[in-house]
Amino acid sequence: MQPGEIASLHYLLSSNPSLYSSQFIMPHDSTNRMHSNQFSNPSSKFQYPSQVQDMNPPSLSSNSTSDEAEDQQLSLINERKQRRMISNRESARRSRMRKQKHLDELWSQVLWLRNENHQLIDKLNQVSECHDRALQENAQLKEEASELRQMLTDFQLHNPYLP
């Protein structure tokens, strides 16, 4: 086999044949005259498309090295995935710990605020009671003052010895 010869065309097959159809259009009358030996004959007038000329089919030895390279690449990808998975798990664990710590701090704050609230309510109740007592005492004193004024006025009116 000569360099530039094509042993088979399975490299040109695609799942979408329309990709190559415009490059391989041949006149209808030449289709019947073309024989398979024209592909292997370098002196043939047939011009290969540039995509075909650039393609070199891999040899059997390069298949095994490409398989090894693919295996190495897959191994590397799997190793990276594994490291990323471990890293993600560790990150998630740290995140859960931060969340739990924050939750504990919030519960501590809730308890402190509830205690503070109870103390303030107690103080408010004490002040309110004190205020109520002061109001009662003030009302009582006003009443006593009014009674005393009345008594004084009555005393002054009924006492003949006062000028």
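Arg93 has a partner. The side chains of Glu90 and Arg93 form a salt bridge, with 2.4 Å from N to O. Glu90 is partly exposed as well, with a relative accessible area of 31%. Both residues belong to helix α5 and sit three residues apart, about one turn of the helix.

This is a predicted model.

**Overall fold**

The chain contains five helices and zero strands. Along the sequence the pattern reads α-α-α-α-α. The chain has 163 residues, and 5% of them count as buried. Helix α5 covers residues 60-158.

**Salt bridges**

How many salt bridges does the count give? The count comes to two. One joins Glu90 and Arg93, as described above. Another joins the side chains of Arg83 and Glu79, at 2.9 Å from N to O. Arg83 and Glu79 are both in helix α5. Their separation is four residues, again about one turn of the helix.

| Salt bridge | N to O distance | Sequence separation |
|---|---|---|
| Arg83 and Glu79 | 2.9 Å | four residues |
| Glu90 and Arg93 | 2.4 Å | three residues |

**Surface patches**

Which residues form the negative surface patch? Asp67, Glu68, Glu70 and Asp71 do. Of these, Glu68 is placed in helix α5.

There is also a nonpolar patch on the surface. Leu103, Leu106, Trp107 and Val110 make up this patch. Together these four side chains' residues have about 340 Å² of accessible area. Val110 lies in helix α5. Val110 has 30% relative accessibility, so it counts as partly exposed.

**Annotated segment**

Residues 124-158 carry the feature "coiled-coil region" in UniProt, from an unreviewed entry. What is the make-up of this span in the model? The span is 100% helix and 0% strand. Its end C-alpha atoms lie 50 Å apart. The coiled-coil label itself comes from the UniProt record; the helix content and the end-to-end distance are computed from the model.

**Summary**

Helix α5 holds the Arg83 and Glu79 pair. Helix α5 also holds the Glu90 and Arg93 pair.

Key
Residues are numbered from 1 along each chain as its sequence is written. This is a predicted model: local features need pLDDT of at least 70, side-chain atom pairs count only at pLDDT 80 or more; totals for chains, interfaces and linings use all residues. Side-chain values use heavy atoms; hydrogens and water are left out. Patches are made of residues with over 30% relative accessible area and no salt bridge: like charges are joined within 9 Å, nonpolar side chains (Val, Leu, Ile, Met, Phe, Trp, Tyr) within 5 Å. Accessible areas come from the Shrake-Rupley method with a 1.4 Å probe; for residues, only the protein chains shown count as cover. Helices (H or I, at least four residues) and strands (E, at least two) are DSSP runs, numbered from the N terminus. Buried means under 20% relative accessible area, exposed over 50%, partly exposed in between (1.4 Å probe, protein chains only). UniProt positions are given in the numbering used here, feature names are shortened, and annotations may be inferred rather than shown by experiment. Lys and Arg count as positive and Asp and Glu as negative; His and the chain ends are not counted. The place of a charge is taken as NZ of Lys, CZ of Arg, CG of Asp or CD of Glu.
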